[in-house]
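Please open the model in your viewer and keep the selection panel at hand. The tour moves from one selection to the next and says what is there.

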Amino acid sequence: MEDLLPESVDVIVLGTGLPESMLAAASSRAGLSVLTIDKNPFYGSSWTSFNFDGLKNWATNKDDTKKKEYTANFLIEDGEIFLPTNQEFNNDGIDNIKFETFNTKESDELEKISRKFSIDLNPKLLLSTGPMVSILCDSEVSKYVEFVNADRLLCLTDITNDEVSYEQFISNVPCSKSDIFKSNSLTMIEKRIMMKFLTEVLKWHFHRDEHEWKESMNDNFIDFLRKQKIGDSLIKYILDIIAILRKGYETYECLDAIASFLTSIGRFGNSPFLYPIYGVGELPQGFSRLSAVYGGIFCLDKRIDGIIVKNDKITGIVAEGQKITCKTLISNSGYLPENYLSKNIINNKIERLIIISNKSIKSDCDDAKVAVLNLASLNNDVKCCLIETGFHGQTAPKGYYVTHITSEKFSDDFISNLDKLFTKSEEGEISSSILMKTKFSIHKLDECIDYNVLPMNLYVTPTTDSDLDFKSIISQCKQLFNKIFPEFDFLPEKLISSNNDNEEECSEAMSLLEEDKVPLGIMDDEELRLALEAQKQWDIKNSKSSGNPWKINTLNDSSKLTDIMSEEVLKKLNVEEKPKETLSNISIDIQSCDDDIDPDLKLALELQKQFDMEINEENNSDYQEAIKLQKLFDEEIAQVYNKDSSLDINEAKKIQHQWDLEVLKKDADDKSEISFGMARYKYSHDDEIDCEVPIEELNDEEDEIELSWTKKYEKKDNIIADIDNNQSGILNVSKHNVEVTKIKNADKTMNFAIGMNVGDCSEEKISSKVFNKLRQYSKDEIKRNFRIKDKAEKSTYEQGMDEDTRLIIFKVIQKDEMDSVEGIIASGKESIVLHGKKEEKNFAIKVYKKTLTEFKNRNEYVKDDFRFKNPGHILTVWAEKEFLNLKRLKKAEINAPEPLYLKKNVMIMTMIGGKNPALKLKDITFEDDESKTDAYIQVEDILLDMYKKCKLVHGDLSEFNLLYHNNNVYVIDVSQAMDLSHPRSLHFLLRDLENVLAFFNKIETPNLPTLGALFEKITDIPIDEEKNVHVQVEQFEADNRNIHLRENKSKPSNVELQGMEDEE
């Protein structure tokens, strides 16, 4: 039987869309008990993401869903009123759905790769500095979702109506400084104008009340741009992309949109926008997981019958015939009863169009990345945005693209003009790349709600909008939460770390708070809030410049000299340093602070102020300290040189060692304020040459000529070279000299990795700042070249082919039992399969992954199997389990691979298909009904023989675990197969039968039996076709009537395996 829902909670949330999930997460974070119910069998409601088959089923069946009206009078108490949910909005406000496919041959391929698509119903982008990113980071939902940059920002220019294809008119929009300089679509004058304007926008953004533009805030933005002497081509770029977040044409909101765009560049990459990997549907799931972490309960595919009202207040709901009471109800508009709806017709709606194509709208080297294109010019200047995603965002397989188009209204000729974006002209032939179109409308249901009659504790979540980002949705959700729970913050930043090191301190502090024994210095919540706010304002005021390339240049705080000095020098500096002031002798003007602020907060603010003053004093003294250090260094070098100018390397090392000891023993009463040792200077490998020939004789004439241009500047690593320089009368130049550093940097630049062309820098000077960036770029290039591109292969390498596994396979080859290992045949959640060869024989080498990140419920299949006494070593047991199960299948003469060898997590077996591996059943195209029926009969026989002859249930049988070769069906992946004595064996069997029937129904196999009839045929357990099969099987297992199946329960796996070997 299905578990009953909770009888009473604090908050009930109807729907799992993004607003509902965020509010559920915020309520759970506030410590409230939350129950979230959705009538759909998937998360996200109208914010979900489908694969191709899911979208097709949703589009073709959505309008046909009907719900019977339900009455719950038997659950109603005195004074309560039951109001059934509305039937008109049962489709989440989505209607006018039209699903079309084109190019039948390639459209059929889409169904075969359906699972590789992730198609959003409601796509949006995240602004890097927007509120959604802040909430994701503060609430730690960001650890559940990954993102990519939407860095293909496109614009349509110079379009004429008589064109067949628009691809040639799509150009990339330069947004950052580097992009503007590199752009080929702008002239030099246009580049200067664009740079000047965007820089001025940033100045206006930071000084809005003082800027000279403040008088033009209400003007038309296009007129404003022309006053700034900006041409029409630049106006097109600015309006279409850089100001794409604008609502209209008012100057203030357009400048604000541009400022938001520019300040977001550089935070997470060279684009202001982010897109979730696998689609926007990941966001509601992330917030749902956060709610579940804090105790929230989620129930999908549940019928919402209605709500219960008493004295103009919601007291509960009825779901699946069960009454659930609550204090607060948060609901999607589609669940409201008709009593709360006005008779107004919904005029505002959002038009959505989804297109799957086999070519990008702009084919180039970056066409797999996320692209953004403003289509307002094709839609009579009505806001219309296009987002194209592909393999880079993990929303489509390689070679396919998912395009989302969103607008408040499509014009009459928009669709015909849109088709020209997907029309390609190749070698004189014109063809369309569109494979599928899905068009639908999302109505703004909140506009037909009569808010005057809503109960006081019923709150309606906002519906989606046509904006490109989440700013409006976040703002509405935050306002709604603050209205419902004014005493709580909306998804605040986590203050207490979950690190184990701080767990003891946190628990001790909490216990003190509970006992009202709060020690001095611990602030209450209000004082902590004030302190954090004061610190936040100070950080904003004194923040350093970020990585944003458009931020106005400011003087960066330089690194402290004491941070880069050696430990030896720092210790000797501290000897002469004045004693630092302690907390007891710091004078604080407490009286000048506000009386309402806690003394602890006053003390913290005063300490922060004094610390800032000390830091400023340190910055001013850095130069003087550097001068002293340089002077000492020169004196010490001169003392070393005066000892003997004819010493060889070994003698020099001895002198160096003696000198280091003298420095370390030097008395603190030395007259010099700063002492400096040379212990941190290391010799190069060249210094270890053991040769009696003087050093100067080791260099020939060509070497001296080659080094002559740097010889007078270069500081040698060995002492002899410095002695020579000193004797020749050349002035010693330290490493702190700016000009010497620039020359050295130019020399080092030419030694970067091969493939990085830097040219001839022999006569150049490169500053340290530029050199460091070039060096970092060189390192990144080297790493990038060696990085494993394919994520799946990288995962396989890390989780499967470790050192122990390679050693096992190597030993098999050394024993001449196998000649070679060809490569990977397949990779799954539990293992990888390699192809092994021995002359003309072919083997499958199955390597079980040692990490359980992908297959986390392995233990469910093993823990109740009596054959395995030590399920703690789950990996070894898992491999042994499949080996033993294959042995049973072989004994029963069932089509399956023959197991040959088992060692730890490596199993070798015969390979089905010979030289070329057999195809999975899901990849087979059957020619006629007879071949389909024959394949089904073979699968049915496999299930029957496994159950009756082998006493096994596969547990994960589907078209993915069946191979088809020479018109025969073979079963594989029986590692999770369990003995019939397993308490849940019938449950897993029923799931296998559902998978098999679903596949053969999908390929339209005739004369298939029902689920109940097939289950009864295999198990001989009577099933009533008029009742629910799942309920009957659950009841059968609950009554433990399969106890007679537990034969040989005391026979462990090793005994059974030994018996099989003896029989052979």
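Predicted model: local features only at pLDDT ≥ 70, side-chain atom pairs only at ≥ 80, totals over all residues.

Residues are numbered from 1 along each chain as its sequence is written, and side-chain values use heavy atoms, with hydrogens and water left out.

Select residues 126-127, 147-149 and 273-276, which are strands β7 and β8 and strand β11; helices (H or I, at least four residues) and strands (E, at least two) are DSSP runs, numbered from the N terminus. They form an open sheet of 3 strands in the order β7-β11-β8, with antiparallel pairing, where two strands pair if DSSP finds at least two bridges between them. Because β7 and β8 stand at the edges with a single partner strand each, one side of each is left without a neighbour in the sheet. Between β8 and β11 there are 3 bridges, and asparagine 149 has leucine 274 of β11 as its bridge partner.

**Salt bridges.** The count comes to 32 salt bridges, each a side-chain nitrogen of Lys or Arg within 4 Å of a carboxyl oxygen of Asp or Glu. Select glutamate 388 and arginine 152, whose closest N and O atoms are 3.4 Å apart. This pair links distant parts of the chain, with glutamate 388 in strand β19 and arginine 152 in strand β9, 236 residues apart. Both residues are buried (buried means under 20% relative accessible area, exposed over 50%, partly exposed in between, with a 1.4 Å probe and protein chains only).

**Charged patches.** Which residues gather in a patch of positive charge on the surface? Select Lys748, Arg775, Lys779 and Lys783; patches are made of residues with over 30% relative accessible area and no salt bridge, like charges being joined within 9 Å. Helix α23 (residues 768-786) gives the largest share, 3 residues, and lysine 783 in that helix is exposed at 56% relative accessibility.

Finally, select Glu927, Asp928, Glu930 and Asp934, which form a negative surface patch.

Terms used
Patch = residues over 30% accessible without salt bridge, like charges linked within 9 Å, V, L, I, M, F, W, Y side chains within 5 Å. Areas by Shrake-Rupley, 256 points an atom, 1.4 Å probe, with all protein chains shown as cover. Lys, Arg positive; Asp, Glu negative; His and termini not counted. Charge placed at Lys NZ, Arg CZ, Asp CG, Glu CD.
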